Amino acid sequence: FWNPLMSDQEKTGLGNYFVANYPPFSAWHAEHLPAAFAALDAPPRPNTPLGLYLHIPFCRKRCKFCYFRVYTDKNARDVEVYLDALTRELELYRDKASVRGRPLHFVYFGGGTPSYLSAAQLGGLFERVKALFPWHDAAEITFECEPGTLQQHKLESLKQVGITRLSLGVENFSDKILEANGRAHLSGEIFRAYQWARDLHFHQINIDLIAGMVGETWDNWRDCIQKTIELAPESVTIYQMELPYNTVFSKELHVIPPLPAGGEGSGVRGTPVVDPDEIADWPTKRAWVDYGFAELVKAGYSVSSAYTMVRDPAKTKFVYRDSLWHGADMLGTGVASFGHMSGVHVQNVDRWETYVDMLNKGELPLGRALPVAPGQLLRRELMLQLKRGPLDADYFRTKFGSDILNTFADGFTQLQ
């Protein structure tokens, strides 16, 4: 897949390309934390939905492409310490003026691997969360799963507490590729977990795929898309493989060249475990996504975003996604979690010990923040909603008093 004649822009180099938020995280700093606390202590903006994200940072293995804050070395006692801290964080938020009495519009359990927790641990967590933040009227409750961590009784528990959307981190159906990329599950576990979930009649099952995993081929990718279509989930998400700096793959690719003969430690050092030639370039990954979308359209799916297909747009929604892209507030709880309140971005501290210690002291574990000016809030929503495809100019005119067709006329002209 790697062509030495291609431009650097076409190669899959180190770094993040996926636009998750705006302004970028590099602009968020601890010096802006007073603005975050002020937003939390003030009444909320009128007619703004509130969501809750809970980060469960445990995994059986660290995927070689993963850059999230996760832990693979924690025991049952560590899990309880973390869940106790998470509960204290929710207690602190519940009494804030910006939160008090507001209903939840959505709840999202992300990770890490929320399904890493045992059924008993999940039961205790759900009970505590619902006591502090009832979610019976929430439009959507999402739970991320790694197929190999699911058992039938665990899925039954998820169904009973009201989980409406299961997000299955399938990524690929080839055992060889799953193992090469450090995934903990194998293909047999995918089909077993999916059938259990289908038998329980979850409202929405989403399958995540990744185009461009190390070792991917056209033949295998076609097979992945066909298997996905045969399973017929309500929605399919296809991401493109990235190589952020703090991943196993990025470290393996950081090759130290040979030292001169006779020098100290002479010889080849740092030979990568992953072959750079096995990493698909961006044109190839885009072609794989295009193929996947085209085949899903033939199977009756519709485009929901630049990386999401849905089987029935009238019934299948992404409340978490669309709410955030339209300026919703969100409490980001758990170590290193991101949130947003009344125009202020915020992120928790990213170290386990600091997170737990601050909550033991009765302090919200905020680590950095960024107050976003109204003009930047407009740009944020514009950039995020562009990932849906169509833009509603009247929406921006009503909310921000701005005609985006005039304000960004040059940019739109370049896209035509």
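Contact, as the word is used here, means heavy atoms within 4.5 Å. The structure is a predicted model, in which local features need pLDDT of at least 70 and side-chain atom pairs count only at pLDDT 80 or more, while totals for chains, interfaces and linings use all residues. Residues are numbered from 1 along each chain as its sequence is written, and side-chain values use heavy atoms, with hydrogens and water left out. Helices (H or I, at least four residues) and strands (E, at least two) are DSSP runs, numbered from the N terminus.

The account may start with Glu-80, a residue of helix 2. Leaving aside residues up to four places away in sequence, Glu-80 touches Gln-121 and Arg-128. Its C-alpha atom lies 13 Å from that of Ala-119, a residue 39 positions apart from it in sequence. With a relative accessible area of 27%, Glu-80 is partly exposed; buried means under 20% relative accessible area, exposed over 50%, and partly exposed in between (1.4 Å probe, protein chains only).

Helix 2 also packs against another helix. Two packed helices are described by the angle between their axes and the distance between the axes. Axes are lines fitted to C-alpha atoms, for helices over the stretch in contact, and angles run from 0 to 180 degrees between N-to-C directions. The axes of helix 2 (residues 76-94) and helix 11 (residues 352-360) come within 9 Å and cross at roughly 50 degrees. Helix 2 is therefore oblique to helix 11; angles under 35 degrees count as roughly parallel, over 145 as roughly antiparallel, 65 to 115 as roughly perpendicular and the rest as oblique. The crossing of these two helices is left-handed, a term for the near helix being turned anticlockwise from the far one by less than a right angle, with right-handed used if the turn is clockwise. Helix 2 contributes Asp-78, Val-81, Tyr-82, Ala-85, Leu-86, Arg-88, Glu-89 and Leu-92 to the contact, and helix 11 contributes Trp-352, Tyr-355, Val-356, Leu-359 and Asn-360. These residues divide into nine nonpolar, one polar and three charged. Here Ala, Val, Leu, Ile, Met, Phe, Trp, Tyr, Cys and Pro count as nonpolar, Asp, Glu, Lys and Arg as charged, and the others, Gly among them, as polar.

A second pair is formed by helix 3 (residues 119-132) and helix 4 (residues 152-160), which pack at an angle of about 10 degrees with their axes 10 Å apart. Helix 3 is therefore roughly parallel to helix 4. From helix 3, Ala-119, Leu-122 and Phe-126 meet His-153, Lys-154, Ser-157 and Leu-158 of helix 4. Four nonpolar, two polar and one charged residue make up this contact.

The expected span of a helix is 1.5 Å times one less than its number of residues. Asn-220, Trp-221, Cys-224, Ile-225, Thr-228, Ile-229 and Leu-231 of helix 7 are buried, and their cover includes helix 5 (175-180), helix 6 (187-199), strand 5 (204-211), strand 6 (235-240) and helix 9 (282-298). Just after helix 7, Ala-232 takes a positive phi of about 60 degrees. Ala-232 belongs to the loop between helix 7 and strand 6 and, at 24% relative accessibility, counts as partly exposed. His-201, in the loop between helix 6 and strand 5, also has a positive phi, near 60 degrees; at 61% relative accessibility, His-201 counts as exposed.

The last region considered is helix 12 (residues 374-385), whose twelve residues should span 16 Å, in agreement with the 16 Å between its end C-alpha atoms. Its buried residues are Leu-377, Leu-378, Arg-380, Glu-381, Leu-382, Leu-384 and Gln-385. Helix 12 and helix 13 pack at about 160 degrees with their axes 11 Å apart, and helix 12 is therefore roughly antiparallel to helix 13. Their crossing is right-handed.
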